[in-house]
Amino acid sequence: MQSNTGQQGTHLYVLSLQNSRMGACTLSGTYTPQPGATRYDILSQLRIDAAREYPSMEGSVVLYFALEPNRLTDEEAAR
């Protein structure tokens, strides 16, 4: 997971995980993928990062995953 201090990443993510003991967590932040990376590559890396930061989430299941460009359209920005 990338830090949200300083420059933001090109994409915004939300990832919710649940472990076998029914513990759950939701993580969000920004991420800049490597050229050629797929959504699956990013999801896999975020799961690895989550388990490193929260060991109880090792082997957890994904409840929710969203990845979108971290920008607003001109119409959204004008609101």
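Two strands count as paired if DSSP finds at least two bridges between them, and the strands themselves are DSSP runs (E, at least two residues), just as helices are runs of H or I with at least four, numbered from the N terminus. With that in hand, look at the open sheet here: three strands in the order β2-β1-β3, with antiparallel pairing. The edges are β2 (24–31) and β3 (61–69), each of which pairs on one side only. Neighbouring strands are turned by 10° against each other on average, direction ignored; axes are lines fitted to C-alpha atoms, for helices over the stretch in contact, and angles run from 0 to 180 degrees between N-to-C directions.

This is a predicted model, where local features need pLDDT of at least 70 and side-chain atom pairs count only at pLDDT 80 or more, while totals for chains, interfaces and linings use all residues. Residues are numbered from 1 along each chain as its sequence is written, and side-chain values use heavy atoms, leaving out hydrogens and water.

Now zoom in on β1 (residues 11–18), which pairs with β3 in the antiparallel sense over eight bridges. To find one spot, take L17: its bridge partner in β3 is V62. Helix α1 (residues 39–53) packs on the sheet and touches β1, β2 and β3, contact meaning heavy atoms within 4.5 Å. The direction of α1 makes about 125° with that of β3.

Stepping back, the chain has two helices and three strands, and reads β-β-α-β-α along the sequence. Among contacts between residues at least 6 apart in sequence, 57% join residues at least 24 apart.
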